Amino acid sequence: MRFLMMTFALLLLTAPALACEPVAVKWDMLAANAKTAFVGTVTTVENGKATFTIEKNFRKGEGNSFDAEIIHSTCGIEFTPGQRWLYLGNDASSGSLMLMSEYGVVRKENVDLVKSTFGDFPADGSEIKQGTLERSCAPWDGAAFAIQLDNGVGAYVYASPSDLDKKGEGGVLTYQSDGKPEQGHGSIVQCPKLREGQAENLPCRAAQGTIAIGTVTPTDVTGYIEIADGPENHRRFVFHVKRVNKQVFCG
């Protein structure tokens with residue numbers, strides 16, 4: 001019995017060392033002393049590294065991109081494509097702050113804190129795609145909506161636009177582009193991007209993947225379209241699109 005109690009006491013004493021404890025340093029001190037400091041968007045996560053496209057550098061010597069090593073431990077940050085960060089380091093105690101989630105949800109309090117410390121930087125992120133979301137018709141003359149991004153990527157979702165307004169705050173709606181023309185599914189189409197008002201002479205192609213809706217307002221929708229080019233190759237396009245209200249008669 002005494003042995004068990006001593007073992008339990010030892011576990012209690014050593015447990016905090018196994019967890020990722022908050023650093024007893026003010027955030028502004030972490031930000032001031034960080035060797036690397038930039039605002040950037042995660043474009044890919046592969047081979048143990050997260051690659052950032054840098055939008056605003058606060059230190060000299062950085063280029064247009066940065067590879068952060070992924071730490072597979074309690075303290076390591078799990079970066080995801082589409083996320084926007086103030087990057088100070090790759091672990092939770094570094095002071096790095098997420099400015100926007102992979103669903104396009106902006107963390108306003110973090111954005112305000114970074115701006116108050118480092119000054120102004122691009123408001124929406126260079127990797128955020130613009131476009132429109134409007135009513136459409138499903139193949140069986142049912143309700144649907146279409147998302148069209150400014151890079152030529154589009155998606156049709158076989159669901160009513162009113163379903164978006166019923167989504168709970170903080171929740172995420174996902175639809176699979178899997179070739180099934182069924183309610184709750186969708187399709188992704190990738191067309192040549194317009195150059196000087198003219199499309200390249202290439203055909204559009206269908207793609208498999210996921211359409212996710214993160215934040216919905218009466219005028220705007222944020223989320224992402226992720227195209228699966230293969231088991232290991234996924235491309236994610238985070239979007240912030242305008243809702244276009246127009247009457248569409250199906251049937």
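Predicted model: local features only at pLDDT ≥ 70, side-chain atom pairs only at ≥ 80, totals over all residues.
Visitor: Which way do β1 and β4 run relative to each other, parallel or antiparallel?
Guide: β1 and β4 run antiparallel.

Visitor: Nice. In what order do the strands sit in the sheet?
Guide: The order is β3-β2-β1-β4-β5, with 5 strands in an open sheet and antiparallel pairing. β3 (65–69) and β5 (97–100) are at the edges with a single partner strand each, so one side of each has no neighbour in the sheet. On average, neighbouring strands are turned by 40 degrees against each other, direction ignored.

Visitor: What lies across β1, β4 and β5?
Guide: That's helix α3, residues 108–118, running at about 115 degrees to β5.

Visitor: Switching to aromatics: how many pairs are there?
Guide: The count comes to 12 aromatic pairs. One of them is F38 with F66, a tilted pair at 5.4 Å centre to centre and 55 degrees between the planes. This pair links distant parts of the chain, with F38 in strand β1 and F66 in strand β3, 28 residues apart.

Visitor: Are F38 and F66 buried or exposed?
Guide: Both F38 and F66 are buried.

Visitor: And which residues do ring pairs link into a cluster?
Guide: The cluster is made up of F38, F52, F66, F79, W85 and Y87.

Notes
Residues numbered from 1 in each chain as written. Heavy atoms only, no water. Pairing = 2+ DSSP bridges. Helix = DSSP H or I, 4+ residues; strand = E, 2+ residues; numbered from the N terminus. Axes fitted to C-alpha atoms, helices over the stretch in contact; angles between N-to-C directions. Contact = heavy atoms within 4.5 Å. Phe/Tyr/Trp six-rings, centres within 6.5 Å; stacked < 30°, edge-to-face > 60°. Buried < 20%, exposed > 50% of the residue type's maximum accessible area, 1.4 Å probe, protein only.
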